[in-house]
Every structure is written in structure tokens, then in C-alpha cells.
Amino acid sequence: MRFEYRLPDGTRADYLLCDRNGRGLAIIEAKRSTINAADAADQAKHYAEQADVPFVFLANGREIRFWDWRAEAHPHPVRSFFSQEDLERRVASRILRVDPLKIPIDAKIAGRDYQKACIDELCQEITRGRRKLLVEMATGTGKTRTAAALIKRLFQANLITRVLFLVDRIPLGLQTEDAFAEHLSEYPCYVLRNGRRFDDAKRITITTLQSMINIYPEYSAGYFDLVISDECHRSIYGKWKKVLLHFDGIQVGLTATPCVAGGNETGDDEDRSFVRDTLRFFELERPTFRYTLQQAISHGYLAPYQIYRAKTVATAAEGGFPVRRDQIDWDGLDDRTRRELEEAFQQQDPILVSPNALERKFTLPERNRAMVREFREVMRNGYWDAAAGRVRAPQFGKTIVFAVTKAHAETLARMFDEEFADQKPAPEIRYADYVVSGMGADDDTADGLARIKRFKKEKYPQILVSVNMLDTGFDCPEVMNLVFARYTDSVILYRQMRGRGSRKAQGKPVFTMFDFVGVTDVHLDEDTYGEGGPMRESPPRPRPNPRTVVSVDADDHIDPMTRGWVTLDEDGRMVFAEASEAKANELGLRFEEWLGGQEFTPEQERWLHWVESQIRANAEMCDDFTIDHLECPPFSSQGGRRKAVELFGDDARLAETIAGLSAAVFEHPPAAFPHASH
């Protein structure tokens, strides 16, 4: 570095940064803290032209801005000055770079049309100066392969020299390392684990944000030229955000979550926050490139799916199901749980238990048995599809079951194993097993990864029950069936779970989802947005003194009124039987006629259209719509009456709106509605 460097025109630059041979690399223009660093851009550019150097740093003690002035219109903030080695690499890259669009995409890595279109779009944006890019691709469509082909193209174009590839957890990093070793063998990569340092000899670093937390400040902001975040979820917006922002590389986000401003009106608050924060971080209104689940299915890259729905009587109980005192297994209850139950039964007997409390506070063994038996029956004999006029039967094959807790997973695995005992070659073979993760050290499945590997590579187990282990990042194309014994409010998590069955395999024309908890009732009509991913920044920790799960010795069985197939079209929308479709269309027409004569805000109209979709979906069974419906699924899981009152201002306005809607759609005088103060 040279201080007060004299330039050919007689002016002096504050600092000239040089390479190891004394050649100039960058000008530093230093200003007092009271002066905006960006205001010195023209002066610094003049010095850079005189010194014939490609880079400029502007600093005032409060911020540092970096400027590749021959390629960028404006300087941008960076977290630190670049090291000599990092500047030398960038100068060499600057001299040798070519237009990446002129470099052929390696079709052996990413040869599908949408993958090549994605890479072209990203490269086009990079050449235009865009530094933040977001790719939304449905689970199973090859995000990792697309990223590998993009990395290879940018390396060959000399736009980058080092890559940071961020994953959500280390096991996914190991999968990525294997993929890159196969497809990018000429560019050495490694997985950085917690407590270690960067390997300067390797071109690609694969790691988690958590693994970098203690070492990233030791490296200059110019260490990485490209940073790819593969489903890092909320981590990149939370406490580890500074780690990601430290490096002055092009930022590329990969997600399966539908990220469109205003596109996620349903789902829980965290869903909406995820979409909002993702778009805000990448400074976009919509993803740079999108490829949805429906596109992938229609183009033949992913397997279509069918849904079989059935609920037990307890699960379907909208107002809760009754539990008598003598049905409780009091043995083994902790003191706190025992006291709470004693107090509850003093006030009334029986008490009402919400279905949402099942497998969290209460467990009904007969409910679990009913679900397992229903699965066995439908797998063996199929079930009549009234819409298609035939019996439909799923295919036997690898099956994932989503459970609530470790105890729930253990129970279901044992029950499935017993039900399919006749399919086992020997009694000691496990037809069904379970894996658990994210519930604390005491509850972890010690050999979980070994069980997952056995599930993928060996014939048995055929069924694997999972708690937070197979929801995301699990790739097994042979999965034929998904069983939802766990409910989630999150549209994003539901879609990610659904994606475990979407990969194609030989002899797999379709996969089947068994919905025993009503999760598709709420989330099915959102399928037009594509797929999603989970959002937890870190797995939940167990409470320090968890309550005992109360076992209820009560009968439960599948409610026959809830049995049935859901028929989907190629866009993932429900297809009605002919008579139902005619009635649904008639109700929809009346709704549109009514809506056309009203004045509502866009948000109110979106909510009303959602009500319309639920009326259409239940056209054969629905003959009115009242405020009471808002207290039942699927409305209750989306905020119910409280959310609707917020939208329409007060109870009276909401009651008036619903009364008018019901009268118009069902062509009868409005029924008596609860008083606004109710």
C-alpha cells in the first residue's frame, strides 16, 4: 500500500493498494466521518483513471463502499476492505472474463429446458449488474443440479473464483458435496464444519451459517464472489444475517417456496413473513425465475398425485369430543397434569377435548389404530371413486408417515408393523420403523441416519414414520405413499411434505396422499402457487418440564361420511363429479352476480372469493353459509371470525355481508344471524 500516491496529473490519491509485485490494484479515497462516502465517487474515479486501476474504495470511518467503476454505475457498501489476495483474484477475473451467455451450459448437469432457461435468465441479470437473484423451483425439479451448472458456467466465464454454498443443515451439505463431486469434479469442494477454517485451496465451500459464525470476521468481504443460499429459510433474515451479508458476492437464493408479493394470503403468519422477508432480502417483487409444481407435473418431470381423505370421529369433531373421567389412564401422570385434570372434571364430566390436542396433550390409541387399519384396507382393496365411477387403489411401495411426537411415531410404527405382519419375511424384520429429529438430545433417534439409509436402499422397512426428519431435504423417488397423521397450519410446510412423494421413478405413474387430519381441506386450493419449504430457523426445543400425554381409553373409528377420493386436474385443482360440478358452477355464477353489485376492498374480495371456493367445493352438501361456518375448518385455521371481523371492520358489517352473500348464492331469505355483540 502506498500513502499520498502522486498521480500523472499531479494530484494525490489518499492510498494506492498494490499487488505483491507493486502494481496498482485499487484506490482508497478516505473522507471525514461528516462527509458522505458516496460523494467522493467522481474524485476517486478520476484518481483510478490516472492510476489505471480497476477498483475504488470509498471510506469515511462509518462505511466502506466498493466500486468496479468500469463495470458498475455506482459504488455499493461492503463490510471490509479486501485482502491483497482477494483483490488480485478479482483483477485477474476482471481481465479474463467473458460473456457467460456465450459459454454453453453443460447439458449433462442440467439439460432440461427449464433448467437451461433458469441459468440463462440468471446470467442475463448478472450481466446487467443485478447482484441479488432469487430462484423458485418446485421440490424435485433439480435445484442443486441447476446451481451446479450455473456455477460451472460462471467459473468458465471467469466471473467468479470462489463460491459459498449455504445449506440448512450439514447432512444436506454432504449430499450437495456428493453431487458437486460428480458434476463439478474440476472445481474442488468441501463441507466446512463448525469450528474449522476455510480451505483456501478449494473453490467451493459448502456449509451452514451456524458453522461460520465464529470465523467469518477473520476474512475480507471479497473472499467469495458468489453466495448461493439453498433453502436456508428464516436463518438468513435472523440472527445470522450478518454472516451472509459480510461477503461481497453475487447473492443467489434457491427456494421451493412460492414467493410472490401478495400471493400468500392463506397459511399462518410465519408463511407470510417468510415470503415478505425473502422478497425484501433479495430486493425483488417476484422471483427472478419460477418453475412451479404444476408446470413440472404437466411437463412430465414430477409425478402427479391423488388424495384419499378419511377422518376418525374424534378428528372430525368440530366442537371437540367428550372424554369421561373413567376413560383416563391416571397411572403415570405427572402432578401438574393430574391437578389440571382433577380441576377440569370437578367442573364437568365429561370434558370436551379439541382434536388439535391429540398426540400433544391427549392420545386416543383407538384413533391411531383406526388410521392404520384404514390405510391397510385402502391399500389392499382400494376405495370406490364416485366421480370416476370406479375403484381406485394406491400402489404398494415405500411410504412416509408424518407423526406429531416421538411417542406418536413409536406407536404408529408398531401398529403399522403389526398390521402388515403377513408381509414380512421373518418376525424380527421391521416392516415399519420411525425416525425423530429436532426434539432435543433425549428424544433424538440415535441411529436415525442409518434408518433413513436402510429405508432408501433396502426392501425393509417399507414404512418409515417421521417427526421433523423427512419433511425437508429427503430425496427418495421410490416413495409411493404419504400418510398425514400430523396437521400443520403452514402452507409452506404442507407443500414441502407433499414434495417428498413427487419425484418420478420407474413404475410410479402417481403417488397417493392419505389425509387423516384434514390438512388438504385447508391447503389444497392453494396449489396454484407451487411448492414450499419449511421456515423454522432452528428445531424447536422441548419444554423443560413437559406434561404427560394423557391416554384416553375411548372408542374411535373412521367416520364413513369423511371417506373419499379427491380428484385433481393437471393444475392441482379439485375436479367435481358431473352433478356436483353443475351445481358448483351455478353457485359460482350467483356469487359473481352478487359480488358485481357490491363495493369491497381488494383484500375483502380475495377473502370472499376464498369463501366462494369453499362453497363450490362443497356444493352437494352446502345449502347456506352463516357466520357459524367461520368457527369451523377450514376457516377456523385461517383466523376464523376474528380475521373476518378485522377485514370488514366490525361484526355488524360482517354479518350483513354474509347474510347478503348467502341469500344471493342460495336464493333464500337470509337466516337469523348472531347479534353483532355475540
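Helices α18 and α20 cross in a right-handed sense; a crossing is right-handed if the near helix is turned clockwise from the far one by less than a right angle, and left-handed if anticlockwise. This is a predicted model, in which local features need pLDDT of at least 70 and side-chain atom pairs count only at pLDDT 80 or more, while totals for chains, interfaces and linings use all residues. Residues are numbered from 1 along each chain as its sequence is written, and side-chain values use heavy atoms, with hydrogens and water left out. The protein comes to 20 helices and 26 strands, where helices (H or I, at least four residues) and strands (E, at least two) are DSSP runs numbered from the N terminus.

**The α18 and α20 pair**

- The axes of α18 (residues 602–617) and α20 (residues 651–666) come within 13 Å and cross at roughly 40 degrees; axes are lines fitted to C-alpha atoms, for helices over the stretch in contact, and angles run from 0 to 180 degrees between N-to-C directions.
- That angle makes α18 oblique to α20, given that under 35 degrees counts as roughly parallel, over 145 as roughly antiparallel, 65 to 115 as roughly perpendicular and the rest as oblique.
- From α18, Trp 607, Leu 608, Val 611 and Ile 615 meet Leu 654, Thr 657, Leu 661, Val 665 and Phe 666 of α20, contact being heavy atoms within 4.5 Å.
- The residues of this contact of α18 with α20 divide into 8 nonpolar, 1 polar and no charged; Ala, Val, Leu, Ile, Met, Phe, Trp, Tyr, Cys and Pro count as nonpolar, Asp, Glu, Lys and Arg as charged, and the others, Gly among them, as polar.

**The α12 and α13 pair**

- Here is another helix pair to look at: the axes of α12 (residues 365–381) and α13 (residues 406–419) come within 10 Å and cross at roughly 40 degrees.
- α12 and α13 are therefore oblique to each other, and their crossing is right-handed.
- Among the α12 residues that meet α13 are Arg 369, Arg 373, Phe 375 and Arg 376, while the α13 side includes Leu 412, Met 415, Phe 416 and Glu 419.
- The contact of α12 with α13 divides into 6 nonpolar, 3 polar and 5 charged residues.

**The six-stranded sheet**

- An open sheet of 6 strands has the order β1-β2-β3-β4-β5-β6, with mixed pairing; two strands pair if DSSP finds at least two bridges between them.
- Its edge strands, β1 (2–6) and β6 (76–78), each pair on one side only, and the twist averages 40 degrees from one strand to the next.
- β1 and β2 (residues 12–18) pair in the antiparallel sense over 4 bridges, and Arg 2 has Leu 16 as its bridge partner in β2.
- The hairpin formed by β1 and β2 has 5 residues between the strands, with Gly 10 in the turn showing a positive phi of about 95 degrees.
- Helix α1 (residues 41–51) lies across β2, β3 (24–30), β4 (55–59) and β5 (64–68), running at about 155 degrees to β3.
- Helix α2 (residues 84–96) also packs on the sheet, touching β2, β3, β4 and β5, and its direction makes about 120 degrees with that of β3.

**Burial and strand β21**

- Of the 678 residues in the protein, 54% are buried; buried means under 20% relative accessible area, exposed over 50% and partly exposed in between (1.4 Å probe, protein chains only).
- Strand β21 (residues 432–436) has 5 of its 5 residues buried, so it is largely enclosed by the rest of the structure.
- Both faces of β21 are covered, with Ala 432, Tyr 434 and Val 436 buried on one side and Asp 433 and Val 435 on the other.
- β21 and β22 (residues 463–467) run parallel and are joined by 5 bridges; in β22, Ser 466 is the bridge partner of Val 435.

**Backbone spots worth a look**

- Most residues other than glycine have a negative phi, and most peptide bonds are trans.
- The Asp 349 to Pro 350 peptide bond is cis, with omega near 10 degrees, and Pro 350 is in the loop between α11 (335–347) and β16 (351–353).
- The Tyr 460 to Pro 461 peptide bond is cis, with omega near 5 degrees; Pro 461 is found in the loop between α14 (448–457) and β22.
- Asp 52, not a glycine, has a positive phi of about 55 degrees; Asp 52 lies in the loop between α1 and β4 and counts as exposed at 55% relative accessibility.
- Asn 468, not a glycine, has a positive phi of about 60 degrees and is partly exposed, with a relative accessible area of 23%.
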